[in-house]
Amino acid sequence: MSKLKTQEFMVNMGPHHPSTHGVCRLMLTLDGEKVVKIVPVIGYLHRAIEKICENRTYAQCIPLLDRFEYVTSMSCEYVFADAVEKLAAIEVPERAQYLRVIMLELNRIASHLIFFGTTVMDIGALTPFLYGLRERELIMDLFEMTCGQRLTYNYITIGGVSHDIPPEFIPKCREAVKIIREKLKDYEGLFNENPIWLARTKNIGVLSAETAVAYGVSGPILRASGIKYDIRKNEPYGIYDRFDFNIPTYTHGDAYDRYMVRLDEIRESLKIITQALDGLPEGDIRKKVNPFTFKPPAGEIYNRIENSRGEMGVYLVSDGTTKPTRLKLRGGSYNHLQVLPHVAVGGLVADLVAIFATFDIIMPEVDR
Amino acid sequence: MILASVELIGVFRWLYGLLVELGLEEPWLSVVIYGLLSVTIFGVLCLIALFLVWWERKIAGHMQQRFGPMRNGWHGWYQTVMDALKLLQKEDIRVDTRDRAVFFWAPVICFVAAFLAYIVIPFGDGLIVADLNIGILYVIAITTFTVISLLMAGWGSNNKYALLGGMRSAAQVVSYEVPMVASILTVIVFSGSLSMVDISNSQQGNFIFNWFIFRPPFGIIAFLTYITAATAEANRTPFDIPEAEQELVAGYNIEYSGMKFAMFFLAEFVNMFTVSAIATTLFLGGWHGPLLPSWLWFIIKTLAIVLLLMIFRWTFPRLRVDQLMEFAWKFLVPLTFANLILAGWMKYAGWYW
Amino acid sequence: MVEAGVGIIFWILTFVIIVSALLVVTLKNIFHSALFLILCLFAVAGIFILLHAEFLAAAQVLIYVGAVSILIIFAIMLTSNMASKKIIQTNQNALVAFFACLMFLVVTLVLINKTGVWNYSTRNLPAENILTIGKLLMTDFMLPFEVVSVLMLAAMIGAIVLAREDKA
């Protein structure tokens, strides 16, 4: 029997499309509703951060790097500050180390809450988006209370952190941890057993462990595919080796697992925050570094941390002047966008949306 | 006469007398009376649609930890009136590559089809334009024009997203019509009539326990399947595939703006009220109920169903397009047909009162 | 007066049917043809209402407008390039079609001529004509009804077999 053929047609998904989370453009070839080919087009958000950094002093780089991955600005600051500190062998005070961990984990939770909200919104449930943002608001309040900013903090500086926490921070933070832990149960009650949710995410966009490794996939997506790899555990940086937490891992690598990994990670982050708050020592928050004349010794370093979207790395070359010679940033989303066609071809457009959402790609990290 | 019978109430009875006194004869008498009736129904429904838009926004707001419209009047009660006025004044943006006639007629047909169903819907005791003896069948038939208008909008816009939205809606509505009609037929088996008034009347009395929804198990199954199919017919979450924002941006109405968009938008809410009103008539005893006046009962019941649909919309994620079809054909259709056959058999065996 | 009104409506409907039927076969854009087909079928439903056959009218709208036409439009939208302006949409065999229509007209006219006197039924329409239709379908016309059902089932299975993706 001859095969019935329908017309294939091209659709541009993006750059202005509600579910591409920014300005990603996907050139889709569709056979009816089936995705035949995906060509991601990137560069709409290119701001030449790496190049501009070469013309700035090290301290000036940090506010710019906030814009690298603006959903978790703390990580961008940390990965750069940590690299410079390693290069210049600066000892960071204990209290600053703890504050950094608290902020990083709070930011990770905030990022995962946004992930939760946008993912369920992309799959059609509009209300939980605002629930996710409601809980994120608690964290934003904590950040605002500490450093006066809600999105681009400029908090983690070379040698420590810019501000000490106000006295009401600790009770507020404990309360926020409690609330988020409670509300997580609500989210799970809404979706984990919801048949529509299961139908939309189970066995959708399966990413095998081999493919994931081959494409350099990292972070929650890698762990959803069954590989227990978390830089916080595997190559502990900062003081992460002092905390007791698990690495949630799932096996199927489908959209549902990617969603579950992130919800579980929120729990683990809450654990870390509680421990960090308990162990928070008194003392200095910063080793004094003159932002104008600071010169790390010549040399190069690659530093990487576990971000909410995977491995975030910075490759830094210093020639001993006040400005970096070369700065290269690595964001997890770049690799995830590359593996997207591999996973989503053959599915439906609706699946593509679900996969894109659970990959949690944000474009500033891809385009830099 | 073409239309079977007219139940005129209050003002219209008085008007009828006045016109007869003035010496007006048939058919002009009917023309005038029906014309006025149409205008009244149209006005009331426009108000209901505007109210529903406001109500939906308030419910969505309160479900989402916010207030919804608050600025215009008490809790923003005339917000949607203002929105409609704004849309009226807006520039009507038309794509150059559109299919002119099709693009123009699509919202018109959608709007008109949404209102035509109300000819046979009894708002209360005697509050009906025409009690056709094909009642419910007429509603089912006339609402299919909505699909055609969506297809026309998809085609006429000459936009791929719009076309996809139109095709999806066509497939969806045609599929869900089958279980919907099958669950409606269960009620017809109970009542033995297609007339909306007869169906309502056969649920009269015995406090509220004569309502067809209280005829387990067939009544309740038919009700649930009807509500599911009706949600799909009204293109609402979890079955809002035709306008899936995250996939199709906005679906069939993406190229429409100004009043044409408003027509689609209002028609959508009128359709939602229609399916709820039918559910009320078929399963919840229509206007019958203790104590309160009949029209109030009808409005309360219908709004309760509307509320249910709204809560659905703001709670559930969306099904995928093939899962939607599977759900219709592999689950709802067999279920409703089995339900229908068993109900018919029970009726034949005389086990139902 | 009422009769006159019905007469006017009848002529309007007839006009709509004929014009839209002509447009169906002559229009260049096949999508427009489908839309005029819908209009034509809808006007036929109007004629049924004039004949007090409300059930038939509703069934006409439900089946032809609601299902068949939508499937036709669906096919048009899905089939590659069917509606593009480069393709000639109209029938290429106009001459053959003309003769076929002419023959049909001749046969019809001959038959009408043969009938001579037309019999008008003097029986009143039953008030509940749906009930009557239902009873007749389940008793006198049981066999044709079932045969049609089987035919449709066969058509449906055929469509599924044609459209099914080859798993191998």
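Two residues are in contact if their C-beta atoms, placed from the backbone, lie within 7 Å. This is a predicted model, in which local features need pLDDT of at least 70, side-chain atom pairs count only at pLDDT 80 or more, and totals for chains, interfaces and linings use all residues. Residues are numbered from 1 along each chain as its sequence is written, and chains are lettered from A and ligands numbered from 1 in the order in which they are written.

**View 1. The two domains of chain B.** Chain B is divided into domain 1 (1–79) and domain 2 (90–349); the bounds come from an automatic or database domain assignment. Taken over C-alpha atoms, the domain centres are separated by 20 Å. In the contact between them, 18 residues of domain 1 of chain B meet 18 residues of domain 2 of chain B. The side of domain 1 that touches domain 2 has 15 nonpolar, one polar and two charged residues. Here Ala, Val, Leu, Ile, Met, Phe, Trp, Tyr, Cys and Pro count as nonpolar, Asp, Glu, Lys and Arg as charged, and the others, Gly among them, as polar.

**View 2. Helix 2 of chain B.** Helices (H or I, at least four residues) and strands (E, at least two) are DSSP runs, numbered from the N terminus. Helix 2 of chain B covers residues 28–63, which is 36 residues. From first C-alpha to last it reaches 51 Å, close to the 52 Å expected at 1.5 Å a residue. The expected span is 1.5 Å times one less than the number of residues. Ile48(B), Ala49(B), Leu52(B), Val53(B), Trp54(B) and Glu56(B) are buried in this helix. A residue is buried if 20 or more other C-beta atoms lie within 10 Å of its own, exposed if 12 or fewer, and partly exposed in between, with C-beta atoms placed from the backbone. The buried residues of helix 2 pack against helix 3 (79–89), helix 10 (258–283) and helix 11 (294–313) of chain B. Just after helix 2 comes Gln65(B), with a positive phi of about 65°.

View 3. Gln89(B) is found in helix 3 of chain B. Why does Gln89(B) count as exposed? Because Gln89(B) has 8 C-beta neighbours inside 10 Å. Its C-alpha atom is separated from that of Met259(B) by 7.8 Å. Along the chain, Gln89(B) and Met259(B) are 170 residues apart.

**View 4. The contact of chain B with chain A.** Chain B gives 22 residues to this contact and chain A gives 24 residues. On chain B, helix 9 (245–248) and helix 12 (321–349) each supply at least two residues of the side that touches chain A. That side of chain B has nine nonpolar, six polar and seven charged residues.

**View 5. Helix 4 of chain A.** The 29 residues of this helix (residues 94–122) should span 42 Å at 1.5 Å a residue. The end C-alpha atoms of helix 4 are 42 Å apart, which agrees. Helix 4 of chain A is mostly covered, with 27 of its 29 residues buried. Gly124(A), just after the helix, takes a positive phi of about 115°.

**View 6. A hairpin in chain A.** Strand 6 (residues 299–307) and strand 7 (residues 310–318) of chain A run antiparallel, joined by nine bridges. Strands pair if DSSP finds at least two bridges between them. The hairpin passes from strand 6 to strand 7 through two residues. Arg304(A) stands opposite Gly313(A) in strand 7 of chain A.

**View 7. Two loop residues of chain A with positive phi.** Ala48(A) is not a glycine, yet its phi is positive, about 60°. Ala48(A) has its place in the loop between strand 3 (34–41) and helix 1 (49–53) of chain A. Ala48(A) is exposed because 10 other C-beta atoms are within 10 Å. Asn154(A), also a residue other than glycine, has a positive phi near 55°. Asn154(A) lies in the loop between helix 5 (127–147) and strand 4 (156–157) of chain A. With 18 other C-beta atoms within 10 Å, Asn154(A) is partly exposed.

**View 8. Chain C and the model scores.** Chain C has six helices and zero strands. Buried residues make up 16% of its 168 residues. Of the contacts in chain C with a separation of 6 or more, 52% are between residues 24 or more positions apart. The mean pLDDT of chain C is 81, and 83% of its residues reach 70 or more. pLDDT is the predictor's confidence in each residue, from 0 to 100. Among the elements of chain C, helix 5 (residues 129–138) has the lowest mean pLDDT (80), and helix 6 (residues 142–163) the highest (89). Where pLDDT is low, the predicted coordinates should not be read in detail. The model scores ipTM 0.78 and pTM 0.82.
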